[in-house]
Amino acid sequence: MIFEIDNVELYFSEKRILNGIYLKAETGKVTTLLGSNGSGKSCVLSIAFGTLIAKYSHIRLDSKPLLKPLYLTKAAAYLPQHNFTPNQAKVNTLFTLFNVSWRNFIKDYPEFKIYKNNTIKTLSGGERRVVEIYLILKKKAKIIFLDEPFNGVAPLYIEKIKALIIEEKKHKAIILTDHRYTEVIEIADTIYLIKNGCSKLIETLTELEDYKYLSQGSL
Ligand SMILES: Nc1ncnc2c1ncn2[C@@H]1O[C@H](COP(=O)(O)OP(=O)(O)OP(=O)(O)O)[C@@H](O)[C@H]1O
């Protein structure tokens, strides 16, 4: 599947946030969005998923215009920046609801076995994030949006999540944004930088310094 979004114009009150976005993601690839705080990365993901309505936006799936919000098609899953699981939901119930195998999860994350009958709010912030990322990545959806998946997650889990992303991209298009740029760069097949409301396709990493997303010599 090929997902494309372009002609995005987004305003909040009179303030123009986005005005020249083009982004293409496809099955087998991890497409990443970098940009400074407030540059509009989360807004792009929300517009793409259909939960934020822009003044203009144009989405195509396999070159065909999408005429309804993507989330209604069930083709996509979305990990927001903040917790999306209800506090009182039991961990094993969430796996049932998402149609994701608990057994496979605890094979890879055996330390979570003790939480099976706990409510999700009793896990630490990072543990809860790991469960949420896993549920979204494993969901039967063709397009996966991940907004800051590495935030608050310990290094060993970041490694596991990166491995899971690489595994899942074989049959999914994955679009992610995160400030951990070294992790992002490592798994990215395509990098876009959002600057001044526009997306720029990054072809050589030093452009990240040239566009002043990173300071000179960071790479
Ligand atoms: N509901 C809203 N009302 C008004 N302004 C908003 C709203 N949501 C976002 N914005 C503004 O839009 C801009 C882009 O926000 P967005 O959250 O997309 O940035 P971001 O690149 O994801 O930032 P960060 O890396 O800090 O998470 C910011 O200036 C923000 O203040």
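Helices (H or I, at least four residues) and strands (E, at least two) are taken as DSSP runs, numbered from the N terminus. I use that naming throughout.

**Setting up.** I note that this is a predicted model, in which local features need pLDDT of at least 70, side-chain atom pairs count only at pLDDT 80 or more, and totals for chains, interfaces and linings use all residues. Residues are numbered from 1 along each chain as its sequence is written.

**Annotation.** I looked up the record: the UniProt annotation "domain: ABC transporter", from an unreviewed entry, covers residues 3–219. UniProt positions are given in the numbering used here, feature names are shortened, and annotations may be inferred rather than shown by experiment. Over residues 3–219 I read 31% helix and 26% strand, with the end C-alpha atoms 30 Å apart.

**Ligand shell.** The list is F12, I17, G35, N37, G38, S39, G40, K41, S42 and C43. Helix α1 supplies the largest share of this shell, 3 residues. I sorted the shell by class and got 3 nonpolar, 6 polar and 1 charged residues. Here Ala, Val, Leu, Ile, Met, Phe, Trp, Tyr, Cys and Pro count as nonpolar, Asp, Glu, Lys and Arg as charged, and the others, Gly among them, as polar.

**Strand β4.** G35 also belongs to β4, so I checked that strand next: 6 of the 6 residues of β4 (residues 30–35) are buried, so the strand is largely enclosed by the rest of the structure. Buried means that 20 or more other C-beta atoms, placed from the backbone, lie within 10 Å of the residue's own. V30, T32 and L34 point one way from β4, while T31, L33 and G35 point the other way.

**Neighbours of β4.** I count strands as paired if DSSP finds at least two bridges between them. β4 runs parallel to β9 (residues 173–177), joined by 4 bridges. In that pair T31 has I175 as its bridge partner, and L33 stands opposite T177. β4 also runs parallel to β10 (residues 190–195), with 5 bridges, and T32 stands opposite I191 there.

**Sheet.** I traced an open sheet of 6 strands in the order β7-β8-β9-β4-β10-β11, with mixed pairing. β7 (76–79) and β11 (198–202) are the edge strands, each pairing on one side only. The twist averages 20° from one strand to the next, with axes fitted to C-alpha atoms and angles running from 0 to 180 degrees between N-to-C directions.

How values were computed. Buried ≥ 20, exposed ≤ 12 C-beta atoms within 10 Å, placed from the backbone. Near = placed C-beta within 6 Å.
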